[in-house]
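Hello,

Here is the structure we talked about handing over. Could you have a look at it before you read my notes?

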Amino acid sequence: MRRKLAGILATAVISAFAAPAIAETAPEPDSAPATAAHADPLGDFITSALSGGALPGSVEWKMKATMYHAGAKGIRAFDSLGCRVAAMRTVAVDPKVIPRRTVIFIKETVGLPMPNGEKHDGYWYASDIGGAIKGLKLDLFSGVGAGSMKALRGIDLSSLSVSKVGEFKGCPPQ
């Protein structure tokens, strides 16, 4: 039933948004092809819906979160997968609730400042676990030093809207 609804939703979205967008952005016959890479949020949305993942913004869990940073006692530069931790991307989870290698969407983190100056898109990568992370809890990696936690202090960590949106292979993006 869920896949059928996702298929119907994807068809509706494509007919309502994608066709006009494609027509507007189609290059003129005389122009050179575009070579710059660009994000495809509509494609990501449809892929998520069709792959059985939740749609960004649809809440699967309400979770509590804590923060950790490089430089704190006991914090290593690598996560439990052996990958380098990524500021404002790596999240430690209870693997009984959210399996490692899961991409999650945390609505409240959308728009937060990233270390590179961009705005956060809400996507986090479950690549770490922690001894104190049990049940509906998360531990968000903020970056290097206690000052890196400043961006996350502006949100209510006692109740985050979390949804699973996909899986990743290898290490999460830096």
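First, the ground rules. This is a predicted model, in which local features need pLDDT of at least 70 and side-chain atom pairs count only at pLDDT 80 or more, while totals for chains, interfaces and linings use all residues. Residues are numbered from 1 along each chain as its sequence is written, and side-chain values use heavy atoms, with hydrogens and water left out.

On confidence: pLDDT is the predictor's confidence in each residue, from 0 to 100. The protein chain averages 78, and 66% of the residues score at least 70. Helices (H or I, at least four residues) and strands (E, at least two) are DSSP runs, numbered from the N terminus. Please be careful with residues 13-38, where pLDDT stays under 50. For that stretch the model has seven contacts beyond four places in sequence, a contact being heavy atoms within 4.5 Å.

Now some individual residues. I call a residue buried under 20% relative accessible area, exposed over 50% and partly exposed in between (1.4 Å probe, protein chains only). Histidine 69, in strand β1 (residues 61-70), counts as buried at 12%. Beyond its neighbours within four places in sequence, histidine 69 is in contact with several residues, including Ile75, Phe141, Ser148 and Met149.

Phenylalanine 105 belongs to strand β3 (residues 102-106) and is buried too, at 9%.

Valine 110 sits in the loop between β3 and β4 and is partly exposed, at 44%. Leaving out residues up to four places away, valine 110 touches Phe105, His120, Asp121 and Gly122. The C-alpha atoms of valine 110 and histidine 120 are 5.1 Å apart.

Finally, the aromatics. Rings of Phe, Tyr and Trp (its six-membered ring) pair if their centres lie within 6.5 Å; planes under 30 degrees apart count as stacked, over 60 as edge-to-face and the rest as tilted. The whole structure has three such pairs. In one of them, the ring centres of tyrosine 125 and phenylalanine 168 are 5.5 Å apart and the planes are at 80°, so the pair is edge-to-face. It links distant parts of the chain, 43 residues apart: tyrosine 125 is in strand β4 (residues 123-128) and phenylalanine 168 in the segment after β6 (160-167). Tyrosine 125 is buried at 15%, and phenylalanine 168 is buried at 10%.

Best wishes
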